[in-house]
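Q: Please take a close look at one chain here. Then set it among its neighbours.

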Amino acid sequence: MKTRLTGLATAFLLSAGAVQAAECIAPANPGGGWDFTCRQIGKILYDIGQVDKPVQVTNMAGGGGGLAFASVVNERNDDGDLIVAASQATATRLAQNAYGGATADQVRFVGAIGADPGVIVVAADSPLNSLDDLMNAIKAGDDVSFAGGSAAGGFDHLKVLMLAKEAGISDIRSIKYIGVDGGADAITQTIGGFTTGMTGDMSEIVGFLKSGEVKALAVLTEERVPGFEDVPTAVEQGYKTVAVNWRGLYVPKGISDDRFNEWGQKLAAVAESAEWKEAMAANGLAPFTKVGGDFQSWVDGVIADTEELSREIGVIQ
Amino acid sequence: MLRSDRVFGLVVILAALAYIASALQLQTSFLSDPMGSKSFPIGLGAVAVLCGIVMIFKPEDEAEWPAPVAILKIFISVVVMVAYAYALKPLGFLIPTTLAAGILSYLITPRLTFNVMVGIGLAIGLYLLFRYALGLETLQAIPKGWGG
Amino acid sequence: MDILSNLALGFSVALSPWTLMLAVIGCFLGTIIGALPGLGPSNGVAILIPLTFSLGLDATSALVLLTSVYYGAMYGGRISSILLNIPGDEPALMTTLDGYPMAKNGRPGDALVISGVASFVGALLATIGLMLLAPLLSRVAYQFGPAEYFALYLLAFCTLGGLSSKNQAKAAFAAALGLAIATIGLDNQTGMPRFTGGNLHLMDGVDFLVPLVGLFAVSEVLIYIEKQGKDSSLGIKLEKVTIPFREIGQSFFTMLRASLVGFVAGVLPGAGASLGSFLAYMSEKSIAGKKGGFGTGVARGIAAPEAGNNAAAGGALVPMLTLGVPGSGTTAVLLALLMTLNITPGPTLFTDRPEVVWGLIASLLIANFVLLVMNVPMVKLFVYILAVPPSLLLPGVMMISFVGIFSLTGSYFDLLLMTGFGVMGYLFRKIGIPTVPIILGILLGKHMEDALRRAMILSDGDVSYLWSSPIAIGLWVAAIVGFVAPMFLRPILKRPDRVID
């Protein structure tokens, strides 16, 4: 096994040419998604021989990723050895102009190699059993509230609003939503009965689902997620809402196209590795690989959609 | 009678009013949020104003302010700290630390040879501690591009 | 005996000469990290995570090393609190109140030994609590919604009235200032920035370490420069270090009560070690009454916060392991470590991965005993810090503070902010504004406002929601009967006592 890996590594090294020590910026403190992305991708890139020195991870917390974004754009625009962890949160904040005027076209999105499917869950003893039940309760004017790990207007909140819009609810702004400190906190509030439902990512609910303390009303993917086949999708319940929190990377704008494509290939190699597949399974991520120009145009689409919805509900003017 | 507490009480009131004014500028929330972003800060500002008023009307005994020489020393040390804050990144760790630690040492007990040794010793010792024992990678010994 | 066999499993995983060595190294590094101002348990653990990868440690070894660092830092924080009046990290804040006076009275060794034993008792009881009750206690978190949390924070602020009874206006102002500093940054509810002046560095708010180090370490140095060493612990005559058995015995029940208070505070996500040590100190102070002499350097005033904060550190592992909710910055970092090792904490962790949980518990017990054995003899070494010439020690403290804060974000901005807080702390100490409530306000302010706003959203602005559950009512009653009422009664009953800063 080891010799095979080394052989593989040598092959990659030869094909990729000499590579420098790369740096990955996690635009947040240690812990949490971006830090995880940098550390895992960095570790695997080295393990499978895509880089010949360990990737150095730098934590640059500030402005919900805005500080790192500004620093990449202004100070390191042509650094070909720099990668930055990104996710749907990056796209949402860019769409909502939360990075102080910075725009998505100031960097290049390399690719995503995994996604955390959006979910809507309620406590196990809740009388609600489907998305229809939930939306009808809102329409009937029942006291329905949601907890999620993002601030109001953030991605977790938008998931609820997208579903409500699909359900034909006109006054989506009056749906109660509290933003708490992360998905686990949101689920605690829901099990405790303080809120009706929790909106978040699949990875956040895995343990609670297994222990039977919550039931998932819907997963927001095109098809059911492997390993969670008994959770129905929103689509099959008649709500055309797809929302996944992708995990990926962006790089500075000013690097050469060759270098950009090289990073895309490296990332694709990580996505193929057994190590990454294991990490995804352990963390509730679903396979979701898009790299290069393909990914860039997909992100542009996501940002445009988010911007439209945000404008509609008044997060941005 | 003019006492430090009265002056301070006035400063507190002015600062609190400025804080309230800036809270009033905050955008109102767009969703169901009965309290909004403003209420809590405005409440805090109001409490601070009350505290300021109490300080003005019920001042305590006058504080002991230092002699002019001590004030000068404190002023110099603050200037050194500010300069150090700006210098640490562009000039690397060793040079600013030697200077700042040396000057602070001199301000505490002026014994020139010892102060110089303190500056150099701390710069090297702390660099080794943070960089190698604690593995702090962000610390640069000397500026980038000086060949190190 | 399920627990015994589980524990045996834990020790079989965690106890080997190799892991024992890692525990000793971790405890030593942790103690140093904890004692250095600006480097607390959370950034200590964060700094060391990459080290575990580059050493190629397996999951168990990494866990043993980092929990040792975690507990070591909790122990170490008290050292600079007691010797220099500079809390090494935020949970050690309350230890300055009696620890430093005792050191100034010429008994730094006694203060360190008492606090070491109290830390041990607190941590040991918390680990036992974690062992016996964790799955059960995880249910407690389900009982705490926005209203209950708000009442809990309110209780914490009401106890401030007892902290300095001479001038309530100054204490209240300090708390309001801390709360106001906490409002800087992104508003958790709307996601919009507040009071940042458009500065990106302020978007995530002011990290509490910056004001903590500024208000305590920097201002301490400025005070020393002004007074040239008068009224300081530096250069006091050192006595021979002995173990003060009598005082340890006298504070035994204080340690037990404080451990309980701390552990409960730790179990609640969103309260954490600082609240644990704060509530432990304030409740012991009010039990002891005026005769207790809290604030003048009494043993119980040292034992209470140290037992409290170490018990809270253990308690904070309960929601982290059983719910995946990190109760404090440090547990957030430990959570990150577990996730990088492909272990996802949650309700099924205890049944799915018993070797991880019990290995962790075993390594906590190991770390705790290693720390006790290491710390008591090391006291002799620590007190010699006070014999170091001030012109070497204080610049050293300053430079360590700068590097510690610099390591947070690698930006000059936090350093400037820290210097600003230093000047502010100096002025405040001159005119008798207590600085402890400022830190408390910064630590709890965001949580308190968020809890209140969430409660108002869920209840459509109905204020009575805030006292609509038995737990919330209990906390309100405790706040009013225990602390607010005595504040108004005390001036009638007794003459006011001295201010503590």
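A: Domain bounds in this account come from an automatic or database domain assignment. For chain A, that assignment gives domain 1 (2-115 + 245-313) and domain 2 (117-237). Their C-alpha centres lie 28 Å apart.

This is a predicted model: local features need pLDDT of at least 70, side-chain atom pairs count only at pLDDT 80 or more, and totals for chains, interfaces and linings use all residues. Residues are numbered from 1 along each chain as its sequence is written, while chains are lettered from A and ligands numbered from 1 in the order in which they are written. The pLDDT itself is the predictor's confidence in each residue, from 0 to 100. For the complex, the predictor gives an ipTM of 0.93 and a pTM of 0.84.

Start where the two domains of chain A meet. A contact means that the C-beta atoms of two residues, placed from the backbone, lie within 7 Å. By that rule, 14 residues of domain 1 of chain A touch 16 residues of domain 2 of chain A. On the domain 1 side, α4 (88-95) and α11 (293-313) of chain A are the elements that give two or more residues. Helices (H or I, at least four residues) and strands (E, at least two) are DSSP runs, numbered from the N terminus. The largest share of this side, four residues, comes from α11(A). By class, the side has six nonpolar, eight polar and no charged residues. Here Ala, Val, Leu, Ile, Met, Phe, Trp, Tyr, Cys and Pro count as nonpolar, Asp, Glu, Lys and Arg as charged, and the others, Gly among them, as polar.

Now the strands. Strand β1 (residues 23-26) of chain A runs parallel to β2(A), and the pair has four bridges. Two strands pair if DSSP finds at least two bridges between them. A:Ile25 has A:Thr58 of β2(A) as its bridge partner. Strand β2 (residues 56-59) of chain A has two faces: A:Val57 and A:Asn59 on the covered one, A:Gln56 and A:Thr58 on the uncovered one. In a regular strand, side chains alternate between the two faces of the sheet.

Next, helix α6 (residues 155-166) of chain A. The expected span of a helix is 1.5 Å times one less than its number of residues. The twelve residues of α6(A) should therefore span 16 Å, and the end C-alpha atoms are 16 Å apart, which agrees. Is this helix covered or uncovered? It is mostly covered, with ten of its twelve residues buried. Buried means 20 or more other C-beta atoms within 10 Å of the residue's own; exposed means 12 or fewer, and partly exposed lies in between, with C-beta atoms placed from the backbone. The buried residues of α6(A) include A:Phe155, A:Leu158, A:Leu161 and A:Met162, and also A:Asp156 and A:Lys159. After α6(A) comes A:Gly168, with a positive phi near 85 degrees.

43 residues of chain A are in contact with 38 residues of chain C. Several elements of chain A supply at least two residues each to this side, among them α2 (33-47), α3 (66-75) and β6 (176-179). The most comes from α7(A), with five residues. The chain A side has 17 nonpolar, 18 polar and eight charged residues.

Chain C also touches chain B. That contact takes 52 residues from chain C and 55 residues from chain B. On the chain C side, α18(C) gives the largest share, 13 residues. By class, this side has 34 nonpolar, eleven polar and seven charged residues.

How far can chain C be trusted? Its mean pLDDT is 83, and 91% of its residues reach 70 or more. Among its elements, α3(C) has the lowest mean pLDDT (69) and α19(C) the highest (93). Over residues 495-501 of chain C the pLDDT is below 50, yet this stretch has 19 contacts in the model beyond near neighbours in sequence. Where pLDDT is low, the predicted coordinates should not be read in detail.

Chain B has five helices and zero strands. Its domain assignment gives domain 1 (4-57) and domain 2 (68-133), with C-alpha centres 38 Å apart. Of its 148 residues, 32% count as buried. B:Met81 counts as buried because it has 26 C-beta neighbours inside 10 Å. Its C-alpha atom is 7.2 Å from that of B:Ala100, 19 residues away along the chain.
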